[in-house]
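Please open the structure in your viewer and keep the selection tool at hand.

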Amino acid sequence: MSDTAAHEEPELIQLLTPEGELTEHPDYPLDITAEEIRALYRDLVLVRRVDSEAITLQRQGELGLWVSLLGQEAAQIGSGRALHEGDMAFPSYREHGVAWCRGIQPKELLSMFRGASNGGWDPHEHGFHLYTIVIGSQALHATGYAMGVQRDGAVGEDGTAVISYFGDGATSQGDTNEAFNFASVNNAPVVFFCQNNQWAISEPLERQSRVPIYKRAAGFGFPGMRVDGNDVLACLAVTRAALDNARTGNGPTLIEAFTYRMGAHTTNDDPTRYRDKGELDEWKAKDPILRVRRYLEANGLADEAFFASIEEEADKVGETVRSQCRNMPDPEPLDIFHEVYAEPNVHIDQQRAEFADYLSSFEGAGAEGGR
């Protein structure tokens, strides 16, 4: 492959420019009302506020860690709002915006990063699986689930589609590529949604792939496309089309949401050590929230009272997040053994009894230690 071919500028699907101008794409028409765009703006603002509060809480010692989504709100809200109620999402550990769309309360996310929860939420109730820390493994989980959906006959216009979220770094993992292959040869109803935020911790994109990520799909035999990951409308339209394609039996799709991680990889990371400030300033001009506000203002679809009401709601959300985090009860020590298996297990029972004996050996141990 020549350098010219390898670095050919790919098509970027975009419906809302950074300046707030609405455009059209022949393959991805979007019929959306002003009310729906205002609702998306609300989602973006509130999710960003939850994120900023969580970062502050971690700095204050209230959370062990936090994984920020700053800059990636449009990719997550757009794709999250494209999901049907019966669909299933398999996240990594950064999809707080998708969690918001699936009805997961912020306190349920915070409880994991505070160490006050041994799990999180009921995946089946929300159509949103638990966070995955092992890089790329959720792509295999999603593909297996999609193959199950297929074998259950739960496909068709009212059927179930599956989506897997991961970052650009995960595309270097064997699990992700194995998932691509399984999904392709089985024509599984799954969408692979890659948030290419340009950095795998400190490793830049050019150190991971010679070609744009979405083009990898062709090698596995299914379509791929690159969408402006800072454009909530484009992410909504493209993901909606891919999910419909999956649930009607047309197989997998790879979406590369081209975005940028505005903050650190996690609160344990310092991006100033490996990232140029000019790069950050360039992406700030493409802010996903600012472009929606510009569109609403320029077209007279929202006034100052609307924006003030969203900011007021964000303040209330922030207050709730702080209060709920600081007042979370610690889990009981033996809760770690609950619901490990669906049925009783002699090995787990033995380990639980041994740990209970250990806890009760401490002076002043309460009855709970041997529960």
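A polar contact is a pair of N or O atoms within 3.5 Å; within protein, one must be able to donate a hydrogen and the other to accept it, and residues adjacent in sequence count only if both atoms are side-chain atoms. This is a predicted model, in which local features need pLDDT of at least 70 and side-chain atom pairs count only at pLDDT 80 or more, while totals for chains, interfaces and linings use all residues. Residues are numbered from 1 along each chain as its sequence is written, and side-chain values use heavy atoms, with hydrogens and water left out.

**First stop: glutamine 195**

Select glutamine 195, which is found in strand S3 (residues 190-196); strands (E, at least two residues) and helices (H or I, at least four) are DSSP runs, numbered from the N terminus. Its side chain and that of glutamate 95 are joined by a polar contact of 2.6 Å. Is glutamine 195 buried or exposed? With a relative accessible area of 2%, glutamine 195 is buried (buried means under 20%, exposed over 50% and partly exposed in between, with a 1.4 Å probe and protein chains only). Leaving aside neighbours within four places in sequence, its contacts (heavy atoms within 4.5 Å) include Gln72, Tyr165, Phe166 and Thr259.

**Second stop: asparagine 118**

Next, select asparagine 118, in the loop between helix H5 (106-114) and helix H6 (123-126). Asparagine 118 is partly exposed, at 45% relative accessibility. Not counting residues up to four places away in sequence, asparagine 118 touches Pro331, Asp335 and Ile336.

Now display H12 (residues 288-298) together with H13 (residues 304-326): they pack at an angle of about 150 degrees, with their axes 11 Å apart. Axes here are lines fitted to C-alpha atoms, for helices over the stretch in contact, and angles run from 0 to 180 degrees between N-to-C directions. H12 is therefore roughly antiparallel to H13, a term for angles over 145 degrees. Arg293, Leu296 and Glu297 of H12 make the contact with Glu304, Phe306 and Phe307 of H13.

**Final stop: helix H14**

Finally, select residues 346-360, which form helix H14. Ile348, Ala356 and Leu359 of H14 are buried. Why do they lie on the same side of H14? They do so because they cover an arc of only 75 degrees around the axis, the arc being that of the directions from the helix axis to the C-beta atoms. On the face turned away from this buried side are the exposed residues Val346, His347 and Asp357. Asparagine 345 caps the N-terminal end of H14, with a side-chain oxygen 2.9 Å from the backbone nitrogen of histidine 347.

Methods
The expected span of a helix is 1.5 Å times one less than its number of residues. Angles under 35 degrees count as roughly parallel, over 145 as roughly antiparallel, 65 to 115 as roughly perpendicular and the rest as oblique.
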